[in-house]
Amino acid sequence: MQNFHISLADTSSTSASQCFISTDGVFNSRARILGGGTCINAGFYTRASSSYVKRVGWDPKLVNESYPWVEKQIVQKPNLAPWQKAVRDALLDVGVSPFNGFTFDHKYGTKVGGTIFEESGRRHTAAELLASANPQNIDVLIHATVQKLTFDTRGKRPKAVGVIFKDENGKQHEAFISKRSGSEIFVTSGAIGSPQLLLLSGIGPKEDLKKLEIPLVHHNKFVGEGMQDNPMNTIFVPVKNHVKQSLIQTVGITKKGVYIEASSGFGQGRDSIQCHHALGYLCFGLSKTYNFWMNEQIGQLSTIPPKQRTKEAIEAYKDTKKDLPFEAFKGGFILEKIAVPKSKGQLKLIDTNVENNPAVTFNYFSHPRDLESCVEGIRIIESLVKSSDFISNTGFDVESTEKLLNMSVKANINLIPKQTNDTNSLEQFCKDTVITIWHYHGGCHVGRVVDPNYRVLGVDRLRVVDGSTFTISPGTNPQATVMMLGRYVGVKILRERLGKEANVV
Ligand SMILES: Cc1cc2nc3c(=O)[nH]c(=O)nc-3n(C[C@H](O)[C@H](O)[C@H](O)COP(=O)(O)OP(=O)(O)OC[C@H]3O[C@@H](n4cnc5c(N)ncnc54)[C@H](O)[C@@H]3O)c2cc1C
C-alpha cells in the first residue's frame, strides 16, 4: 500500500511523563505518551508571529492554512478565570498595551490566547489529530519505544531502512519501510528524543559515538548542539481571598524580550493538572514524582553539593516531603519567561539505552541579554502586583517586593546553589530561581542537521519534524507551532508527490 504509515509512540505504562534534570540543576519534564507534550502541558495555545514565519522561511500561505487545521479540531476559547482577568487588567495598567482581546495571533500588548482544555477540564491532544487520517492507511503502535534507526550503508549515501523498537513486554521488533520510492522515516521524538535517537543510530559527532562504541553512519558535529530552553522565573503572590484554579490564559507580550503569564489555585489532589501547573510550574508534568517540590519548606536539597545529588539522594529527600500542606500556597503565580533565549547548550549521550535521559545543558543566562530581559520581567511583575487594578481584583495586601522575592528563593525550586544576595540583586535572583517553562528546543537545527525540508543531512529517506529543528524559539508558547509544522510538512510532501491539486483536507 503506497500510503501505509506506522506511527510509534513510547507510551509508558506508569507515567505520561519522565522527569529529567538538566546539568544546570533545573528540573524538567519529557512527555512519554502518544500526543507528546499536549497530553501533559498547560494547554495555552498561541501562534508564532508572521515575522517568525518569514524569518524561518516557511511559506506563509501554507502556514496560515495549517494553524486553522489544528485549531478547528482541538483548540477552544477559554472562559477567563478571575486571576487571569486580574493579571490582564494589571498588565494594561502597567502599560503592556494595547489590549488585543482573544486571539491566536501574536501581537505586542496584552491578549487572551486559546486553550486545548474544555471548560469542564477535558483536555484535547495532538493524538486526536490522527482522526483526520485514513484509518485504512495508518497503524499506530503504542508502548513502542524506538531503540534505533537502521540503515543500508552499502551505497554512496546511507539510506534509512527501518527501526528497531521494544514493545511493553520488552520484546524487540524490527520494522522496515517499503522499498518504493518516496518511503521515508519521520522522527518526531521531540527536542530531547530526536537528537538522542539520531546519536544512538550513528548520526552525530564521530568522536562521541566512538566513545560509546556506536557504529558511525554519518558524521555530523551539530547533532545535539544548540539546545535552548526559555528560562522562566515565577513570583508567588499570596492573597487572602479564595483563588479559583487557572492555567495560562492571559499573556503580556512586551517589547523587552520577555512575556508575562500567570496561573493560580490548587487542584483537588496532588495529581491534578491544576496542582502541577497552577501551582507555579514548580512541579513537573503529570508525574507524581516531584510534587514535593512545590512547598516552600523545601529547601535543603540545593545545599547538597551537585556531585552528591544522586538519584538515590533525591528520592530519599523526596520521601521526607510527601505530605506537605497545600494551604501554604493560597494565591497565584505570575511568571515571566524569556521569549527568544540567546543562551545555548548541548545534549550528549550518557549511555546507549534510549530509556535513559541524555545529559542536557541549557546554560541558562550565559548570554547577558537573557539576564537583562529577566530583570526587566521581574520589574514588570513588581509594578504589576502594586497596580491598583491588581490589588482591588485580588485582595492582595501589598507586601514588600523583597518579601515576595524571598518566598520564591525559599521555595528552592531547582538544584542551583543559592547566593546570599539573591533578593538584593535581581540578576542573582534570576539565576538562582530559574526554572523551565518546558519550551526547550533545538538539537537538530535546520541547516545543520536537517535541510529546509526537514531531511536529515547526509543520509536518505529520513526526516526529523518537531521542536528539535527550531533554530530559534517561536518566542511564544510553542505547541501551536509544533503541531502546525507537522501539518505543514505533511501537506507540502503530499503536494510535491501528488501535484498541487492534491486533495488535502
Ligand atoms: C509540562 C509542560 C507544560 C507545557 N505547557 C505548554 C503550554 O501551555 N503551551 C504551549 O504552547 N506549550 C507548552 N509546553 C510545550 C509543548 O508541549 C512542547 O513544546 C511540544 O509538545 C513539543 O512537541 P514535540 O513534538 O517537539 O515533542 P513532544 O511533544 O515531546 O513529543 C515527542 C514524542 O515522541 C515520543 N518519543 C520520544 N522518544 C521516543 C522513542 N524512542 N520511541 C518512540 N517514541 C518516542 C514521546 O512519547 C512523545 O510522544 C509544555 C510542555 C510541558 C512538558
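**Exercise 1. Salt bridges**

Task: State how many salt bridges the structure holds, and say which residues pair with Arg-88 and Arg-154.

Solution. 
Step 1. The count is 14 salt bridges. The criterion is a side-chain nitrogen of Lys or Arg within 4 Å of a carboxyl oxygen of Asp or Glu. The model is predicted, so local features need pLDDT of at least 70, side-chain atom pairs count only at pLDDT 80 or more, and totals for chains, interfaces and linings use all residues. Residues are numbered from 1 along each chain as its sequence is written, and side-chain values use heavy atoms, with hydrogens and water left out.

Step 2. Arg-88 pairs with Asp-89; the closest N and O atoms are 2.9 Å apart. Asp-89 is partly exposed, at 22% relative accessibility. The classes are buried (under 20% relative accessible area), exposed (over 50%) and partly exposed (in between), with a 1.4 Å probe and protein chains only.

Step 3. Arg-154 meets Asp-152 at 2.9 Å, N to O. Arg-154 is exposed at 72%. Asp-152 is buried at 16%.

**Exercise 2. A link across the chain**

Task: Which residue forms a salt bridge with Glu-184, and where do the two partners lie?

Solution. 
Step 1. The partner is Arg-497, with the closest N and O atoms 3.0 Å apart.

Step 2. The pair links distant parts of the chain, 313 residues apart. Glu-184 is in the loop between strand E11 (172-176) and strand E12 (185-187), and Arg-497 is in helix H12 (residues 479-498). Helices (H or I, at least four residues) and strands (E, at least two) are DSSP runs, numbered from the N terminus.

Step 3. Glu-184 is buried, with a relative accessible area of 18%. Arg-497 is partly exposed at 44%.

**Exercise 3. Strand E18 and its neighbours**

Task: Is strand E18 buried or exposed, and which strands pair with it?

Solution. 
Step 1. Seven of the seven residues of E18 (residues 258-264) are buried, so the strand is largely enclosed by the rest of the structure.

Step 2. Find the partners. Strand E17 (residues 250-253) runs antiparallel to E18 and is joined to E18 by two bridges. Pairing requires that DSSP finds at least two bridges between the strands. Gly-252 has Ile-260 as its bridge partner.

Step 3. Check the turn. The hairpin of E17 and E18 has four residues between the strands, and Gly-257 takes a positive phi near 80° there.

Step 4. Strand E19 (residues 331-338) pairs with E18 in the antiparallel sense over seven bridges. Ser-264 has Gly-332 as its bridge partner in E19.

**Exercise 4. Helix H4**

Task: How many residues of helix H4 are buried, and what phi does Gly-202 take?

Solution. 
Step 1. In H4 (residues 190-200), 11 of the 11 residues are buried, so the helix is largely enclosed by the rest of the structure.

Step 2. Among the buried residues are Ile-192, Pro-195, Gln-196 and Leu-200.

Step 3. Just after H4, Gly-202 has a positive phi of about 100°.

**Exercise 5. Backbone exceptions**

Task: Where is the cis peptide bond at Pro-98, and what phi values do His-143 and Arg-461 have?

Solution. 
Step 1. Start from the general rule: most residues other than glycine have a negative phi, and most peptide bonds are trans.

Step 2. The cis bond joins Ser-97 and Pro-98, with omega about 10°. Pro-98 is in the loop between helix H3 (82-93) and strand E5 (99-102).

Step 3. His-143 is not a glycine, yet has a positive phi of about 50°. His-143 is in the loop between strand E8 (138-141) and strand E9 (145-152).

Step 4. Arg-461, also not a glycine, has a positive phi of about 65°. Arg-461 is in the loop between strand E22 (435-436) and strand E23 (462-464).
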